[in-house]
Amino acid sequence: MVYENPDQVMIGLEVHVQLNKANTKMFCGCTTNYTDEEANTCLCAGCLALPGTTPVLNEKSIEYAIKIGLALNAEISEETDFYMKNYFYPDLGNGYQVTQFDKPIVKDGHVVIEGEDGELTVRIRRAHMEDDPGKMAHFGTIEKSTGSIIDFNRSGMPLVEIVTEPDMRTAKEARRFLDKLRSILEYLDVFDGSREGAMKADANVSVYHGTRVEVKNISSHKSVEKAINYEIMRQKDAVRKGKTLVQETRHYDEARNVTISLRVKETADDYRYFPDFDLVPMYVGDKVEGIRAKMPELPDAKRERFVAQYGISDAHAKGLTSEKAFADLFERVAQKVDPKVAASWVADVVKGELNYRDMPVTACDADDVVCVIDMVCCKKISDESGVTVIRALLDEGKKPDQIVAEKGLSMVGDDFLVKAAQEAIAESPDAVADYRAGTEKALNFIVGKVMQKAKGKADARQAREMVLKELEK
């Protein structure tokens, strides 16, 4: 099925990624790990742009930017340089942002995602380096603030801004792109996505090939999807009523699920770009092959390997490789039990239970998962009891054997099944008559009663065999 895109929606994203694993800021030695520190404590004269300070470039951030470019199937510029992007904002100490202009370090790449009608190639126009401004907090809403405070701890953080072409057609596709991008970045080990402000997006949205509107600084993938859906609805409504859409910048209010006009959209000329006189042009072409040789296995390649090496389904492979930590957990489990069984338990049970509790993968030990799978495969506990044990592992922190003993989850014996089958047959004369008359579904009803009596501690196949044996007598 081909997605027709009836409203001619075009969506492009500008994704700001903090290179917070570079350890120090872009142009000074201050730490990038400021999240849990008091305001305005992780800074220096350079972060505050005090007179007389000069930048010293963090080379690790250059390496990370090149790694990102290679992972995005992009071209790495032989030569790149920094510009001053001039605008006034209270959290911008210099009065300008250090960024890149006509020679971005990365250009012309692509990422393949799952689209509305199959695989969708999202083109990457460019990815350029810049430093982050400070952080402003407002008293009250952004529309009716009674005052603001500034925390410069974030000032100078190394960023890569990844700019796509307007290739996405739905908010769902935009969210899938962000999910895929975050996965790639985590595999590269260039950022910690759990930190505040690690990844933010600006969404550029238009309908009917009309005027583009930008929604700024959206902090979560879920909010990006909501903001885009609202903006599509708002623009369609305006067109239907004959209103003129203007090119502008809007803010997404998560509490009300609306976008609010902030200002008429600036153009490049408004920023008065000119070369940063404190930073010389950089020749980085000779670094590329050395970095390429050390690139890790990325999600798509790992997914293909999992299917080929372990014989698991593509659906399981996609679920397991979306996060590197889950992929690593699966491989540790698959070394000790059947890989197909491991894939089913890790992708369908463990991942689901962790996501439900909003817990990291580190909360689940691979050896404990292996122990649960072994107990199920050896018929010590049922599949249903295995799920119960996984949940208790996460909620109570005990070991599988202890949980099975305390909760009495061990499988019932043959003697119990014989008695349960006899009772179920005696209690279901109509179902027995229907089964003898050729209604196969009636047998399932009797087996179901046996399983109820076993309270989830019996194997359904064994229960079925025991019922058939008793019916033959």
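**Reading strand pairing in a predicted model**

Modeller: Four antiparallel bridges connect S4 to strand S5 (residues 96-99), and the model in which we read this pairing is a predicted one.

Colleague: In which senses can the strands of a sheet pair, and through what?

Modeller: Strands of a sheet pair through backbone hydrogen bonds, and the sense is either parallel or antiparallel. Here, Lys 85 has Gln 97 in S5 as its bridge partner. S4 also pairs with strand S15 (residues 274-275), again in the antiparallel sense, over two bridges, and there Met 84 has Phe 274 as its bridge partner.

Colleague: Are the residues on the two faces of strand S4 buried or exposed?

Modeller: In strand S4 (residues 83-86), Tyr 83 and Lys 85 lie on one side and Met 84 and Asn 86 on the other, and all of them are buried, so that both faces are covered.

Colleague: What is the strand order of the open sheet of nine strands?

Modeller: The order is S2-S6-S7-S10-S1-S11-S12-S13-S14, and the pairing is mixed. Strand S2 (75-76) and strand S14 (258-264) are the edge strands, each with a single partner strand, and therefore one side of each has no neighbour in the sheet.

Colleague: How many bridges join strand S13 to S14?

Modeller: Strand S13 (residues 248-253) pairs with S14 over six bridges in the antiparallel sense, and Tyr 252 stands opposite Thr 259 in S14.

Colleague: Which strands does helix H1 touch where it packs on the sheet?

Modeller: Helix H1 (residues 59-71) touches S2, strand S6 (106-115), strand S7 (118-131) and strand S10 (158-164), and its direction makes about 20° with that of S10. Helix H2 (residues 171-188) also packs on the sheet, with its direction at about 115° to that of S6.

Definitions and conventions: Residues numbered from 1 in each chain as written. Predicted model: local features only at pLDDT ≥ 70, side-chain atom pairs only at ≥ 80, totals over all residues. Heavy atoms only, no water. Pairing = 2+ DSSP bridges. Contact = heavy atoms within 4.5 Å. Axes fitted to C-alpha atoms, helices over the stretch in contact; angles between N-to-C directions. Buried < 20%, exposed > 50% of the residue type's maximum accessible area, 1.4 Å probe, protein only.
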